[in-house]
Amino acid sequence: MHCKEAQRKSSAYLDGELGDEQSSAVRGHLRQCQTCEHLFEEESAFIELASSLEPLEPTDHVWEQISKRIAEEEIADSDRPSWRRWLTDRRLLLGGFGVAVCATAAVALVVSGDATSSQTLASGTGEDAGSLTASASVDPQTVAQETTQALSDADRNYQETIAELREMLEEDRASWSAEVALAVDAKLAHFRRSATRERFAVGDATLLVASRDPIYATYREEISFLQSALAGELPRVGGMQ
Amino acid sequence: MSLRISEAHSSLKALAIVGPKSRSGTAPIETDDAELVEACRRGESKAMELLYHRYKRRVFGLVTRIVGPSDSEEVVQETFVRIFRGLAKFRGDSQLSTWIYRLAVNCSLSHVSKRKRRPECEELSEHEPAEAPPSRDPALSKRLQEALLTLPAGYRAVLVLHDIEGQSHEQCAKILGCRIGTSKSQLHKARMRMREILGSSLRAEE
């Protein structure tokens with residue numbers, strides 16, 4: 001056995017994880033190599049020192065502070081609107097709820113300022129959108145304003161749903177491993193970048209409703225991801241960083 | 001492990017609220033973790049206090065050695081608040097202690113990560129909470145704690161869990177969410193770094 005191999009196995013040897021033959025080979029090397037013997041002695045002394053440290057005791061006021069914070073959080077719970085408590089209790093349904101809101105509120109919005117520019121809002125959201133079915137007799141400028149408003153409402157509804165889900169997911173963060181947290185953050189950053197890129201590509205002023213479909217698809221994909229994560233289906237990761 | 005509830009601080013009475021009654025009429029004093037978790041979920045304040053006292057040393061030791069003494073109590077508070085707020089999500093797939101350790105490690109690593117983004121807070125505070133006297137050379141133990149804080153956070157976590165808290169590699173892997181082999185290799189690297197830092201003073205200690 002050479003020094004490099006012996007040193008690579010030092011922790012396993014000192015923790016008793018090597019088989020008899022390998023342990024014997026390590027001991028044989030240490031009998032012949034003073035450098036390695038010293039390194040093993042240092043590591044052994046470190047392990048002994050680490051295991052002999054006395055337990056630490058928090059000061060008395062820590063429990064008081066914890067009780068106080070829990071009381072504050074429970075008061076905050078009681079101050080939340082009842083619909084939000086209802087949603088939080090049914091947290092696994094919230095993602096579905098968000099999608100359902102988007103889907104049921106989707107309207108076929110015909111923008112017909114002139115006969116050649118009609119468009120369909122296939123994936124909009126918001127209560128106002130349903131009242132926006134326009135006929136050819138409606139003033140084109142009014143329709144354009146209402147369409148802009150409907151698009152803005154749809155964006156806002158999607159974003160509010162996503163923000164709500166993200167907030168709920170944050171409460172779970174402490175129970176994840178560092179790797180999972182990194183994977184979730186990377187995924188959320190990806191959704192944010194995609195949505196930003198797509199919004200930029202479409203522009204705010206456009207009334208071409210179908211052109212916003214990629215944005216809504218990204219929103220729905222993120223809602224679906226957040227829903228799965230809240231249900232415990234977190235990204236799979238390999239080992240610790 | 002049991003605890004005398006009489007240790008409770010009278011000042012807490014102001015914070016205590018009426019909670020659902022346990023089946024026995026009082027919070028369990030000698031009870032296993034599963035019963036304690038159920039009582040905590042029902043909002044029984046005495047059960048929560050009992051759970052805190054049952055795990056406070058383990059959590060405080062772990063947190064202090066990962067984040068350093070200056071911020072440890074703040075992180076312990078955060079950890080226990082998350083424990084009590086998150087008990088509803090504890091499904092008993094793992095041991096309660098493993099779940100609690102995992103929350104403590106994640107709160108600690110998250111705190112270290114945030115602190116890195118605030119360099120003005122990087123330096124250790126002058127005031128440190130009282131620490132029990134180490135059983136061996138106090139100066140060397142202090143150096144060990146200082147050396148620990150120079151390790152990358154991942155190395156620090158596995159070294160504290162295995163060498164100081166006495167967790168097995170299997171437990172470390174569950175707590176850290178990694179493979180057992182990863183836990184072993186990280187520990188070996190962490191020990192090498194500690195040996196480099198503490199050097200010959202370790203042999204002098206023998």
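**View 1. Helix α5(A) along its length.** In this predicted model, α5(A) comprises 19 residues and extends 27 Å from its first C-alpha to its last, close to the 27 Å expected at 1.5 Å a residue. The expected span is 1.5 Å times one less than the number of residues. Helices are DSSP runs (H or I, at least four residues) numbered from the N terminus.

View 2. V62(A), W63(A), I66(A) and S67(A) are buried (20 or more other C-beta atoms, placed from the backbone, within 10 Å of the residue's own; exposed, 12 or fewer). They lie on the same side of α5(A), because they cover an arc of only 135° around the axis, taken from the directions from the helix axis to the C-beta atoms. The face turned away from this buried side carries the exposed residues E72(A), I75(A), A76(A) and D79(A). The cover over the buried residues includes α2 (45-67) and α3 (72-86) of chain B.

**View 3. The side of chain A that touches chain B.** Here 42 residues of chain A are in contact with 55 residues of chain B (C-beta atoms, placed from the backbone, within 7 Å). On chain A, α4 (34-51), α5 (61-79) and α9 (178-202) each supply at least two residues of this side.

**View 4. Helix α6(B).** Eleven of the twelve residues of α6(B) are buried, among them Y155(B), R156(B) and H162(B). Just after α6(B), G166(B) adopts a positive phi of about 75°.

Residues are numbered from 1 along each chain as its sequence is written, and chains are lettered from A in the order in which they are written. Local features need pLDDT of at least 70 and side-chain atom pairs count only at pLDDT 80 or more, whereas totals for chains, interfaces and linings use all residues.

Conventions
Contact = placed C-beta atoms within 7 Å.
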